[in-house]
Amino acid sequence: MNSLGMTPQQNPHQQRLQKMLESCAFKTATSGIMGIGMGGIFGLVMSSIDWSVTEEELKMTTKQQIKHSAKQMGSRSFAMAKSFALIGAMFSGSECIVESYRGKKDAYNGIAAGCIAGGPKAMLSGCIGFAAFSGFIDYYMRSK
(Lines give C-alpha, C1' and ligand atoms only; values in the text may rest on other atoms or scores of the structure.)
Protein backbone atom coordinates (compact mmCIF):
# COMPACT_ATOMS: atom_id res chain seq x y z
CA MET A 1 0.00 0.00 0.00
CA ASN A 2 1.42 3.41 -0.93
CA SER A 3 1.04 6.81 0.78
CA LEU A 4 -2.37 7.46 -0.85
CA GLY A 5 -3.79 4.21 0.49
CA MET A 6 -3.78 2.57 -2.94
CA THR A 7 -2.63 -0.97 -3.49
CA PRO A 8 -0.62 -1.92 -6.62
CA GLN A 9 -3.35 -4.31 -7.83
CA GLN A 10 -5.97 -1.54 -8.12
CA ASN A 11 -6.82 -0.68 -11.70
CA PRO A 12 -6.35 2.92 -12.94
CA HIS A 13 -10.07 3.66 -12.57
CA GLN A 14 -10.02 2.62 -8.91
CA GLN A 15 -6.86 4.66 -8.34
CA ARG A 16 -8.45 7.79 -9.88
CA LEU A 17 -11.57 7.28 -7.76
CA GLN A 18 -9.44 6.85 -4.64
CA LYS A 19 -7.50 10.05 -5.42
CA MET A 20 -10.75 11.97 -6.00
CA LEU A 21 -12.26 10.76 -2.71
CA GLU A 22 -9.15 11.86 -0.83
CA SER A 23 -8.89 15.27 -2.52
CA CYS A 24 -9.38 18.46 -0.54
CA ALA A 25 -12.04 19.66 -2.98
CA PHE A 26 -14.13 16.51 -2.50
CA LYS A 27 -13.78 16.61 1.29
CA THR A 28 -14.73 20.30 1.36
CA ALA A 29 -17.77 19.78 -0.88
CA THR A 30 -18.92 16.75 1.10
CA SER A 31 -18.67 18.66 4.37
CA GLY A 32 -20.60 21.57 2.88
CA ILE A 33 -23.38 19.29 1.66
CA MET A 34 -23.57 17.51 5.00
CA GLY A 35 -23.64 20.90 6.70
CA ILE A 36 -26.65 21.90 4.61
CA GLY A 37 -28.53 18.83 5.80
CA MET A 38 -27.52 19.14 9.44
CA GLY A 39 -28.13 22.87 9.53
CA GLY A 40 -31.53 22.50 7.90
CA ILE A 41 -32.60 19.91 10.45
CA PHE A 42 -31.16 21.93 13.34
CA GLY A 43 -32.91 25.09 12.14
CA LEU A 44 -36.20 23.24 11.80
CA VAL A 45 -35.94 21.83 15.32
CA MET A 46 -34.89 25.17 16.82
CA SER A 47 -37.70 27.07 15.11
CA SER A 48 -40.28 24.52 16.21
CA ILE A 49 -39.42 25.00 19.89
CA ASP A 50 -39.47 28.81 19.69
CA TRP A 51 -42.69 29.74 21.45
CA SER A 52 -42.43 33.52 21.18
CA VAL A 53 -45.61 35.08 19.75
CA THR A 54 -46.09 38.72 18.80
CA GLU A 55 -49.31 40.70 19.10
CA GLU A 56 -49.45 40.79 15.33
CA GLU A 57 -49.47 36.99 15.18
CA LEU A 58 -52.26 36.78 17.76
CA LYS A 59 -54.50 38.86 15.49
CA MET A 60 -54.00 36.47 12.57
CA THR A 61 -56.39 33.70 11.62
CA THR A 62 -55.30 30.12 12.20
CA LYS A 63 -54.54 29.67 8.50
CA GLN A 64 -52.41 32.85 8.49
CA GLN A 65 -50.59 31.74 11.65
CA ILE A 66 -49.74 28.37 10.10
CA LYS A 67 -48.51 30.05 6.91
CA HIS A 68 -46.47 32.58 8.92
CA SER A 69 -44.95 29.82 11.11
CA ALA A 70 -44.04 27.73 8.06
CA LYS A 71 -42.29 30.73 6.48
CA GLN A 72 -40.34 31.37 9.70
CA MET A 73 -39.35 27.72 9.97
CA GLY A 74 -38.20 27.71 6.36
CA SER A 75 -36.16 30.89 6.68
CA ARG A 76 -34.55 29.76 9.93
CA SER A 77 -33.73 26.33 8.47
CA PHE A 78 -32.25 27.95 5.37
CA ALA A 79 -30.13 30.35 7.45
CA MET A 80 -28.83 27.53 9.67
CA ALA A 81 -28.15 25.34 6.61
CA LYS A 82 -26.02 28.09 5.05
CA SER A 83 -24.10 28.64 8.29
CA PHE A 84 -23.44 24.95 8.91
CA ALA A 85 -22.41 24.42 5.27
CA LEU A 86 -20.00 27.35 5.36
CA ILE A 87 -18.41 26.40 8.66
CA GLY A 88 -18.20 22.70 7.75
CA ALA A 89 -16.65 23.41 4.37
CA MET A 90 -14.21 25.96 5.84
CA PHE A 91 -13.13 23.56 8.57
CA SER A 92 -12.80 20.52 6.33
CA GLY A 93 -10.99 22.42 3.57
CA SER A 94 -8.64 24.08 6.04
CA GLU A 95 -7.87 20.81 7.78
CA CYS A 96 -7.11 19.10 4.46
CA ILE A 97 -4.85 21.93 3.31
CA VAL A 98 -3.00 22.05 6.63
CA GLU A 99 -2.60 18.26 6.55
CA SER A 100 -1.27 18.39 2.98
CA TYR A 101 1.14 21.20 3.87
CA ARG A 102 2.42 19.50 7.03
CA GLY A 103 2.47 15.99 5.57
CA LYS A 104 1.12 14.57 8.83
CA LYS A 105 -2.29 13.38 10.00
CA ASP A 106 -2.64 14.33 13.66
CA ALA A 107 -4.68 16.45 16.09
CA TYR A 108 -2.75 19.64 15.28
CA ASN A 109 -4.31 19.76 11.81
CA GLY A 110 -7.80 19.91 13.34
CA ILE A 111 -6.73 22.50 15.87
CA ALA A 112 -5.21 24.71 13.15
CA ALA A 113 -8.31 24.24 10.98
CA GLY A 114 -10.49 25.14 13.96
CA CYS A 115 -8.50 28.33 14.34
CA ILE A 116 -9.00 29.19 10.67
CA ALA A 117 -12.70 28.28 10.68
CA GLY A 118 -13.22 30.29 13.88
CA GLY A 119 -13.62 33.31 11.65
CA PRO A 120 -12.09 36.72 11.11
CA LYS A 121 -14.72 38.69 13.09
CA ALA A 122 -13.57 37.44 16.45
CA MET A 123 -10.42 35.63 15.38
CA LEU A 124 -8.90 35.14 18.81
CA SER A 125 -11.99 33.88 20.64
CA GLY A 126 -13.18 31.98 17.56
CA CYS A 127 -9.76 30.41 17.19
CA ILE A 128 -9.55 29.39 20.83
CA GLY A 129 -13.11 28.07 21.02
CA PHE A 130 -13.20 26.24 17.70
CA ALA A 131 -9.67 24.85 18.13
CA ALA A 132 -10.41 23.61 21.65
CA PHE A 133 -13.59 21.92 20.46
CA SER A 134 -11.77 20.35 17.52
CA GLY A 135 -8.93 19.16 19.74
CA PHE A 136 -11.37 17.64 22.22
CA ILE A 137 -13.32 15.81 19.47
CA ASP A 138 -10.10 14.56 17.89
CA TYR A 139 -8.80 13.32 21.25
CA TYR A 140 -12.14 11.64 21.99
CA MET A 141 -12.31 9.93 18.60
CA ARG A 142 -8.72 8.66 18.79
CA SER A 143 -9.11 7.30 22.32
CA LYS A 144 -11.88 4.90 21.27
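Predicted model: local features only at pLDDT ≥ 70, side-chain atom pairs only at ≥ 80, totals over all residues.
**View 1. The disulfide of C24 and C96.** The angle about the S-S bond is -85°, and the link of C24 and C96 is accordingly described as left-handed. The two sulfur atoms lie 2.1 Å apart, and the count for the model comes to 1 disulfide.

**View 2. The largest pocket.** The space in the largest pocket amounts to about 540 Å³. Its lining is made up of 19 residues, and those closest to the centre of the pocket are F91, E95, G110, S134 and I137. Two or more lining residues are given by each of helix 4, helix 5 (107–117) and helix 6 (123–143). Sorted by class, the lining of the largest pocket holds 7 nonpolar, 5 polar and 7 charged residues.

**View 3. The second largest pocket.** A volume of about 380 Å³ is found for the second largest pocket. Of the 13 residues that line the second largest pocket, D50, S52, E57, S69 and Q72 lie nearest its centre. Helix 2 and helix 4 are the elements that give two or more residues to this lining, and the largest share, 6 residues, comes from helix 4. By class, the lining of the second largest pocket consists of 3 nonpolar, 7 polar and 3 charged residues.

**View 4. The protein as a whole, as context for the close-ups.** The protein has 6 helices and 0 strands, and along the sequence the pattern reads α-α-α-α-α-α. Of the 144 residues in the protein, 23% are buried. When contacts between residues at least 6 apart in sequence are considered, 54% of them join residues at least 24 apart. The accessible surface of the protein is about 10,500 Å², and 68% of that surface belongs to carbon and sulfur atoms.

Conventions. Residues numbered from 1 in each chain as written. Heavy atoms only, no water. Disulfide = S-S within 2.5 Å. 1 Å grid on protein atoms, 1.4 Å probe; cavity = no way out; pocket = protein on both sides within 12 Å on 5 of 7 lines; lining within 4 Å. Points joined across faces, edges and corners; volume = space filled by probe spheres on them. Helix = DSSP H or I, 4+ residues; strand = E, 2+ residues; numbered from the N terminus. Nonpolar A, V, L, I, M, F, W, Y, C, P; charged D, E, K, R; others polar. Buried < 20%, exposed > 50% of the residue type's maximum accessible area, 1.4 Å probe, protein only. Contact = heavy atoms within 4.5 Å. Areas by Shrake-Rupley, 256 points an atom, 1.4 Å probe, with all protein chains shown as cover.
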